[in-house]
Amino acid sequence: MSVDASTGTWLGRTIELEVGAVAHGGHCVARAEGRVVFVRHALPGERVLASVTEDKGGSFCRADAIEVLEASPDRVEPPCPLAAPGECGGCDWQHATPGYQRELKAAVVMEQLKRLAGIDREVVVEALDGGPLDWRSRVRLVAGKDGRAGFRAHHSHRVIAIDDCPITVPGALDDVVSRNWRPGSEIEVTKDGEGQVHLRDLSTVHGKTRSRQLTGGLAVQHAAGREWRLDAHGFWQVHPAAADTLAAVVAEWAEAPRDGVAWDLYAGVGLFASVLASQVGPRGRVLAIESGRRAVTDGEENLADLPQVRWRSGRVEHLLADAPKPVDVVVLDPPRKGAGKAVVESIVEGSPDRIVYVACDPAALARDIALFKEHGYGLVDLRAFDAFPMTHHVECVALLQ
């Protein structure tokens, strides 16, 4: 259907599209009537009929591919029937082969590096052990009006009830989908490294959130040659193979000198701090900064045998002014928004020889790499991992010197 943009919104219209390149966020770029259309459930090179799901005016709108007229050779039947237009919004690429999903993610990382940091670099996204399903060990669900647990539709508050989730580790959701919940409740589930399921109910009553731990609460995980005991619902890598994989890359690239000084920023419970501590040795110093107080408490208890690790609780940008300088190596694993200018400048003031940056968002990583470039730090190496199969998310580790 041809649509005249001057007549107003395209919301609800069906348009035929030639699908172009992948874009950051789990969609591809197409064009119609002079406008950009970000289309989900499609693949580059396909011809589709798409229904416009969001149009706020201006130069672009969003759409879902509802019929594939010419399919990509990399298209497959999604393993979950809810990975479809108007259904669950948790997965982005179930309709692509696992290998092609990694190619799409690599293309996104390369595009972000080029556009935001001016860096041309080939990127390969590596698979983690375990395959594309049964990997998600931490899940947050919400109860719909009927009391059934599920996930929200894409860009919507509407709850899609589920009986199972093929990307979640087996057995994690058995006690969630088999019962009714207070409508609107959020249910947090973690299956830890020992196979124990931890279940927490977050209900809002009269404007106040009430937390009830229904099972477990203290998770046991294994990574970097250590056993970790931590808050089951605090930060830990979602993919069972991710923590060990990332710790190994950090260990290889950090090269913290014996008796040296290292910073672990956004430290969580100290996974990377433990790696740095083994490198600097008992006479070295590792500063671990983390804003979550429970994570700091867990970190202090888990690394009590490493007195060279000193913990500070608070925002990284507020605490670096008093950090020990100069520093030999800095490891940072910031939240999705990235580190930002203030943190980058504080790191540079410490004159580290090496910076190892762990990132869950390629756009934020590229923006921060551009900031480091302004201070003379260049990208030496980069690895990317498919730590979130079937979704658009990708984990990167960058080495700057």
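Modeller: Ala, Val, Leu, Ile, Met, Phe, Trp, Tyr, Cys and Pro count as nonpolar, Asp, Glu, Lys and Arg as charged, and the others, Gly among them, as polar. This is a predicted model, in which local features need pLDDT of at least 70 and side-chain atom pairs count only at pLDDT 80 or more, while totals for chains, interfaces and linings use all residues. Residues are numbered from 1 along each chain as its sequence is written, and side-chain values use heavy atoms, with hydrogens and water left out.

Biologist: How many cavities of 30 Å³ or more does the structure hold, and what makes a space a cavity rather than a pocket?

Modeller: The structure holds two. On a 1 Å grid over the protein atoms alone, a cavity is a set of points where a 1.4 Å probe fits but cannot get out, whereas a pocket is an open set with protein on both sides within 12 Å along at least five of seven lines; a residue is lining if it has an atom within 4 Å of a point. Grid points are joined across faces, edges and corners, and the volume is the space filled by probe spheres set on the points.

Biologist: Which element gives the most to the lining of the largest cavity?

Modeller: Helix H1 does, with three residues; H1 (98–117) and strand S2 (22–23) are the elements that give two or more. Among the lining residues are Val22, Ala23, Trp93, Lys105 and His392, and by class this lining has seven nonpolar, four polar and one charged.

Biologist: What makes up the lining of the second largest pocket by class?

Modeller: That lining has four nonpolar, eight polar and six charged residues. It is made of 18 residues, of which Arg40, Thr53, Asp64, His154 and His155 lie nearest the centre of the pocket, and the space in this pocket is about 320 Å³. Strands S4 (35–40), S5 (47–54) and S6 (60–70) each supply at least two lining residues, the largest share being the three from S6.

Biologist: How do you know that strands S11 and S12 pair?

Modeller: Two strands pair if DSSP finds at least two bridges between them, and S11 (residues 186–191) and S12 (residues 197–205) are joined by six, running antiparallel; they therefore meet the rule. Lys191 has Val197 in S12 as its bridge partner, and in the hairpin, which has five residues between the strands, Gly195 takes a positive phi near 85°. S12 also pairs with S13 (residues 208–215), in the antiparallel sense over seven bridges; here two residues lie between the strands, and His206 in the turn has a positive phi of about 55°.

Biologist: Why are S7 and S18 called edge strands?

Modeller: The open sheet has eight strands in the order S7-S21-S22-S20-S19-S16-S17-S18, with mixed pairing, and S7 (125–127) and S18 (309–313) each pair on one side only. S17 (residues 285–290) is joined to S18 by five bridges, in parallel, and Val286 stands opposite Val309.

Biologist: What makes the contact between helices H3 and H4, and in which hand do the helices cross?

Modeller: Contact means heavy atoms within 4.5 Å, and residues making it include Leu246 and Val250 of H3 and Phe272, Val275 and Gln279 of H4. By class the contact has 10 nonpolar, one polar and no charged residues. Axes are lines fitted to C-alpha atoms, for helices over the stretch in contact, and angles run from 0 to 180 degrees between N-to-C directions; those of H3 (residues 242–254) and H4 (residues 271–280) come within 10 Å and cross at roughly 35°. A crossing is left-handed if the near helix is turned anticlockwise from the far one by less than a right angle, and right-handed if clockwise; H3 passes H4 in a right-handed crossing.

Key: Helices (H or I, at least four residues) and strands (E, at least two) are DSSP runs, numbered from the N terminus.
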